[in-house]
Amino acid sequence: SSRLSNDLFSVPEDEPRLHLPSTVNWIARDIQNNSNEFIIEICPDDILGLASSLNDGNAMFQDMNDNLLPDDLKEDLERAKSKGKTFKIYFRCCRSSNEKTLWLKAFERADRLSHDLVRKRGLRDLLDNPSLAFSHSRVRSPVGHLLAMERKFLEDIRSDDSVDFLHEKAQTRLRRHGKGKGEDMKEYLVYPLYAYPNQWMTDNELYTEMMKPSETFHDLRNPNSSKKEIGFLRVEILQCIGLPVLDFASNSDPVAYMVCGSNAFTSDVVWNKVNPMWLRRSRRACIFPLHHAYARLYVGIFDDDGKGEKDDYAGRVVLDIARLRPRSTYDVTLPLRL
């Protein structure tokens with residue numbers, strides 16, 4: 001754990017510390033539509049070993065004075081073990097909502113972050129539309145500006161760098177360059193949540209992330225197919241501009257469907273945007289097999305209305321693949337047709 005000694009971060013005197021032995025199999029999970037909470041889950045098979053470590057005097061929870069906090073922790077662990085249930089520990093980030101982003105990024109680097117989100121049930125879930133759950137934009141605060149720099153540094157941090165070094169590096173840059181327009185910038189919640197848990201970005205940050213190469217290309221080629229392939233087509237969808245508003249209570253929730261021959265691909269949904277960007281870590285890129293020279297690529301943009309509902313049609317693009325030159329890369333913007 002780190003202790004941030006800046007005025008923007010006040011460390012409570014009774015701040016607890018969590019210690020888990022390296023042999024314990026645990027994983028972190030983000031809570032959907034929640035800006036400051038996440039969960040640490042311990043597998044049932046590892047609960048007994050964790051309880052044994054408590055018996056040996058290895059405290060799992062400690063306060064600033066190294067006193068064990070919850071007296072009944074061992075009983076809770078043994079109860080979870082006897083029922084074969086996962087032991088869950090809930091955490092709340094009190095410094096700022098962007099603090100959670102740093103924790104989730106660190107869990108991801110340690111390969112301890114699950115992409116399965118925890119969804120809290122409530123009245124808002126009856127609407128079954130994440131875009132209505134809470135605000136998707138806000139003005140970046142000074143704390144948010146600092147933590148955004150820390151998140152950027154965290155992506156390039158070396159394995160031997162400490163979190164205190166990360167914070168000091170961001171503080172030095174903040175003092176050197178000032179906050180500039182950062183504290184007045186509008187930032188947006190980034191989707192999809194499984195790829196960008198609790199991350200907020202400005203328009204410039206979103207554009208920079210969008211223009212980076214796709215992290216994954218979903219390969220639709222089948223090596224066991226009886227059809228002879230004459231080639232393949234790599235496709236990335238990056239953004240749409242000026243989509244119509246097709247929802248009653250919010251902006252559109254765009255999703256792209258791409259079809260080439262007998263193969264189809266569906267992108268991630270970008271919630272509540274009329275100018276959506278599909279970022280590099282989202283589901284946006286695929287490889288289509290080509291079986292004849294006159295194949296066409298169809299790209300349709302729809303407003304996602306959820307499971308069991310018919311999506312609203314926004315427009316489509318048809319591309320004659322025969323007009324493309326082999327072994328070439330095209331970066332094009334095409335008008336949507338109704």
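A polar contact is a pair of N or O atoms within 3.5 Å; within protein, one must be able to donate a hydrogen and the other to accept it, and residues adjacent in sequence count only if both atoms are side-chain atoms. In this predicted model, local features need pLDDT of at least 70 and side-chain atom pairs pLDDT 80 or more, while totals for chains, interfaces and linings use all residues. Residues are numbered from 1 along each chain as its sequence is written, and side-chain values use heavy atoms, without hydrogens and water.

The side chains of Arg280 and Glu209 make a polar contact at 2.9 Å. Arg280 is buried, at 19% relative accessible area (buried is under 20%, exposed over 50%, partly exposed in between; 1.4 Å probe, protein chains only). Arg280 sits in the loop between β13 (263-266) and β14 (285-290); strands are DSSP runs of E, at least two residues, and helices runs of H or I, at least four, numbered from the N terminus.

Twelve salt bridges are counted, each a side-chain nitrogen of Lys or Arg within 4 Å of a carboxyl oxygen of Asp or Glu. Among them are these:

| Pair | Closest N to O |
|---|---|
| Glu108 and Arg281 | 2.1 Å |
| Arg281 and Glu215 | 3.8 Å |

Arg281 lies in the loop between β13 and β14 and Glu215 in the loop between α6 (203-210) and β10 (218-219), so their pair ties together parts 66 residues apart in sequence. Arg281 is buried, at 13%, whereas Glu215 is partly exposed, at 48%. A network of salt bridges links Glu108, Glu209, Lys212, Glu215, Arg280 and Arg281.
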